[in-house]
Amino acid sequence: MLRPSDYDPKELRALTGAAAPTHADEEPDRWTEPDDFLGRADARVRAAQVEDAFLLQAAAGGASRPYLPSLPDSAVGTHLVLDWLRYLVGVGGRERAREALAFYRDVEWLDESVEDALAAYLEAFDDTEGSRLSVGHHRTSLLFVARLAALR
């Protein structure tokens with residue numbers, strides 16, 4: 001009985017008359033390109049975190065729009081708000097962070113009063129050069145929204 005695992009792949013190709021693959025035909029090894037692998041893993045973890053946060057929120061009474069009608073009144077909530085704004089400003093700068101907050105209000109993640117409060121917090125941050133916020137950045141913001149909503 002012929003068991004392919006007993007043979008070297010080059011021998012098997014020779015037996016079948018198949019040509020050896022070129023480097024262009026090979027898929028990149030996920031372990032030799034850790035940035036791509038880690039980026040994909042990070043995206044999967046973040047997606048799971050967002051889902052978990054909304055499941056927790058739903059179990060605590062349901063998620064309705066706006067997801068964040070008010071900011072939590074606690075030290076933990078304030079710390080989380082500042083972490084979120086530090087993240088937005090670090091990625092996009094203060095002006096893009098402000099635009100993102102307006103977008104989040106438009107899609108009903110935030111109440112208008114929450115947007116106003118967050119915009120007031122933004123004034124405490126130094127403006128930095130940043131880039132456009134990507135879909136991944138907005139997903140991270142949704143995770144912050146879900147966590148803040150769960151603290152209320």
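This is a predicted model: local features need pLDDT of at least 70, side-chain atom pairs count only at pLDDT 80 or more; totals for chains, interfaces and linings use all residues.
Local features need pLDDT of at least 70 and side-chain atom pairs count only at pLDDT 80 or more, whereas totals for chains, interfaces and linings use all residues. Residues are numbered from 1 along each chain as its sequence is written, and side-chain values use heavy atoms, with hydrogens and water left out.

The protein contains 5 helices and 0 strands (DSSP runs of H or I with at least four residues, and of E with at least two, numbered from the N terminus). Of its 152 residues, 28% are buried (under 20% relative accessible area, with exposed over 50% and partly exposed in between, using a 1.4 Å probe and protein chains only).

Helix α3 (residues 75-106) packs against helix α4 (residues 112-122) at about 105 degrees, with the axes 9 Å apart; the axes are lines fitted to C-alpha atoms over the stretch in contact, and angles run from 0 to 180 degrees between N-to-C directions. The two helices are therefore roughly perpendicular (65 to 115 degrees).

Turning to the aromatic side chains, the structure holds 5 aromatic pairs (ring centres within 6.5 Å, using the six-membered ring of Trp; planes under 30 degrees apart are stacked, over 60 edge-to-face and the rest tilted). The rings of Trp84 and Phe144 are stacked, with centres 6.2 Å apart and planes at 15 degrees. This pair ties together helix α3 and helix α5 (residues 135-151), across 60 residues in sequence. Trp84 is buried at 0% relative accessible area, and Phe144 is buried at 11%.

Key:
Angles under 35 degrees count as roughly parallel, over 145 as roughly antiparallel, 65 to 115 as roughly perpendicular and the rest as oblique.
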